[in-house]
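Take a look at the model before reading on.

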Amino acid sequence: MTLKFVYQDITKMNVDAIVNAANKQLQGGSGVCGAIFEAAGWQKLQTECDQLAPIETGEAVVTSGGNLPASYIIHTAGPIYQKEGKDASELLAASYHNSLKKAVEKDCDSVAFPLISTGVYGFPADAAVKTAVKTIRQFLAKNELTVYLVFFDEALFTKSQELFQ
Ligand code: ADP
C-alpha cells in the first residue's frame, strides 16, 4: 500500500494519471482545473470532455493527458459543500473511489489527486484530507497502486503529514 503526500503543482507530476477537480459540465475553468487544461492543451481537452459531459457529482471519466507528462486525466466532479450538506463527505469519498477505479481500469500504476472540492467548492480542507486519506487507504488495501495526494498549500501539507504519515 503506497500513499504519498507531495507539495507540488499537479500538472508537473510524472505519473500515469492525474485527477482533475472538474465540474459536472466538464468545462475548463479556474483553479486546478484551469491549470490542467492550460498544461494539457485547452482546446483538444475541451473537445474530449464535451463528448463525455455531463457527469454526476462523485462520478469519474477519463480523457487523454494531452501535453501533460501523465497519460490520462481522470475528471471527477466533487461536491459543492454548501449545496450537498450532510451528503458532502460521502460524495467526496465517491469522487476518490470512482477515480481510483478508473485508474485501475486503465492499468495505471500511479495516480495523483489534488484536494478535490477544497477550492471554490468550499469543502473544509482538514475534513477533506481526512476523507481522502481514508478512502484511498481502503482502496489500497485491495489494489496495487501508488497514489499521490498533491497539496498546493505548504502549511496544510506540513500539518497533514504530521497527522497522517
Ligand atoms: P474545486 O472546485 O473542486 O474546489 P479548485 O480548483 O478550486 O477545485 O481547488 C481544489 C484544490 O486544488 C485547492 O486546494 C487548490 O489549492 C488546489 N490547486 C490549485 N491549483 C493547483 C495545482 N496547479 N496543483 C495542485 N493543486 C492545485
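Which element gives the largest share of the shell around the ligand? Helix α1, residues 31-40, does, with three residues. Keep in mind that this is a predicted model.

Start with the ligand itself. The shell around the ligand holds 14 residues. Asp9, Val32, Ser117, Thr118 and Gly119 are the closest. Sorted by class, eight residues of the shell are nonpolar, five are polar and one is charged.

Now turn to the polar atoms of the ligand. One nitrogen atom of the ligand is 3.0 Å from a polar backbone atom of Ile10. With Thr118 the side chain takes part: one of its polar atoms lies 2.7 Å from an oxygen atom of the ligand. On its own, the ligand has 560 Å² of accessible area, and the protein covers 86% of that.

Step back to the space that holds the ligand. The ligand sits in the largest pocket. That pocket has a volume of about 620 Å³. Its lining is made of 28 residues. Nearest the centre of the pocket are Gly31, Val32, Leu115, Thr118 and Gly119. By class, the lining has 16 nonpolar, ten polar and two charged residues.

Two details of the backbone remain. Most residues other than glycine have a negative phi, and most peptide bonds are trans. Where does the backbone have a cis peptide bond? Such a bond joins Ala53 and Pro54, with omega at about -5 degrees. Pro54 belongs to the loop between α2 (42-50) and β3 (60-64). The other detail concerns Leu26. Its phi is near 55 degrees, a positive value in a residue other than glycine. Leu26 is found in the loop between β2 and α1.

Methods:
Residues numbered from 1 in each chain as written. Predicted model: local features only at pLDDT ≥ 70, side-chain atom pairs only at ≥ 80, totals over all residues. Heavy atoms only, no water. Near = heavy atom within 4 Å. Polar contact = N/O pair within 3.5 Å; in protein donor to acceptor, adjacent residues only side chain to side chain. Areas by Shrake-Rupley, 256 points an atom, 1.4 Å probe, with all protein chains shown as cover. 1 Å grid on protein atoms, 1.4 Å probe; cavity = no way out; pocket = protein on both sides within 12 Å on 5 of 7 lines; lining within 4 Å. Sits in = over half its atoms within 2 Å of the grid points. Helix = DSSP H or I, 4+ residues; strand = E, 2+ residues; numbered from the N terminus. Nonpolar A, V, L, I, M, F, W, Y, C, P; charged D, E, K, R; others polar. Points joined across faces, edges and corners; volume = space filled by probe spheres on them.
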